[in-house]
Amino acid sequence: MPTHAELASKLLTDAATFFRTLASQNRNIEKQMTDNANVFEKISVLVVQQPYGKLDDTPHAVLAGRLLKDAAGFFRKLGEQNKPIQDQMNENANVYDQMADLVMQNPLGILD
């Protein structure tokens, strides 16, 4: 069974892939989305390798949780702007929010 940290890492990697897709489709947001993807990928590795490690005094699990919350907000906003995908974006956001809380509270926990 994967740990919360492993699941969070997978979601962060999925979000990074999504950001790279958006970057490739829209020059206006290319740099921002590429930068986001790079940060998400870096933290996705750190949260699995050292869930209790720290970057600038902030635990990797907390950084992962914050990024997951940021992604959830992004997905919700994207859904508001694109009604055909709103339900899917809201579902994604809910999963990201739930995993953010779990990884911050107990990175090595297992989903029930």
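1. Core. Of the 30 residues in the largest nonpolar core, those touching the most other members are Phe 40, Leu 68, Tyr 96 and Val 103. A nonpolar core here is a set of buried Ala, Val, Leu, Ile, Met, Phe, Trp, Tyr and Cys residues joined through side-chain atoms within 4.5 Å. Helices H1, H2, H3 and H4 each supply at least two residues of this core. In soluble globular proteins, nonpolar side chains tend to be buried together.

2. Basis. This is a predicted model, in which local features need pLDDT of at least 70 and side-chain atom pairs count only at pLDDT 80 or more, while totals for chains, interfaces and linings use all residues. Residues are numbered from 1 along each chain as its sequence is written, and side-chain values use heavy atoms, with hydrogens and water left out.

3. Tyr 96. Leaving aside neighbours within four places in sequence, Tyr 96 is in contact (heavy atoms within 4.5 Å) with Leu 11, Asp 14, Ala 15, Leu 68, Ala 71, Ala 72 and Phe 75.

4. Helix H1, geometry. Helices are DSSP runs (H or I, at least four residues), numbered from the N terminus. The 22 residues of H1 should span 32 Å at 1.5 Å a residue, and the end C-alpha atoms are 32 Å apart, which agrees. The expected span is 1.5 Å times one less than the number of residues.

5. Helix H1, faces. The buried residues of H1 are His 4, Ala 5, Ala 8, Ser 9, Leu 11, Leu 12, Ala 15, Ala 16, Phe 19, Leu 22 and Ala 23. They cover an arc of only 165 degrees around the axis, so they sit on the same side of H1; the arc is that of the directions from the helix axis to the C-beta atoms. Buried means under 20% relative accessible area and exposed over 50%, with partly exposed in between (1.4 Å probe, protein chains only). Helix H2 (30-49), H3 and H4 are included in what covers the buried residues of H1. The face turned away from the buried side carries the exposed residues Ser 24 and Gln 25.

6. Before H1. Thr 3 lies in the segment before H1. Thr 3 counts as buried because its relative accessibility is 14%. Apart from neighbours within four places in sequence, Thr 3 is in contact with Pro 107, Leu 108, Gly 109 and Ile 110.

7. The structure holds 7 salt bridges, each a side-chain nitrogen of Lys or Arg within 4 Å of a carboxyl oxygen of Asp or Glu. One of them pairs Asp 14 with Lys 10, with the closest N and O atoms 2.9 Å apart. Both residues lie in helix H1 (residues 4-25), 4 residues apart, about one turn of the helix. Asp 14 is partly exposed, at 32% relative accessibility.

8. Asp 97 forms a salt bridge with Lys 69, the closest N and O atoms being 4.0 Å apart. Asp 97 lies in helix H4 (residues 86-105) and Lys 69 in helix H3 (residues 60-81), so the pair ties together parts 28 residues apart in sequence. Asp 97 counts as buried at 19% relative accessibility, and Lys 69 is partly exposed with a relative accessible area of 31%. Lys 69 also meets Asp 101 in a salt bridge (2.9 Å, N to O). Asp 101 lies in helix H4 and Lys 69 in helix H3, so this pair ties together parts that are 32 residues apart in sequence. Through shared partners, salt bridges join Lys 69, Arg 76, Asp 97 and Asp 101 into one network.
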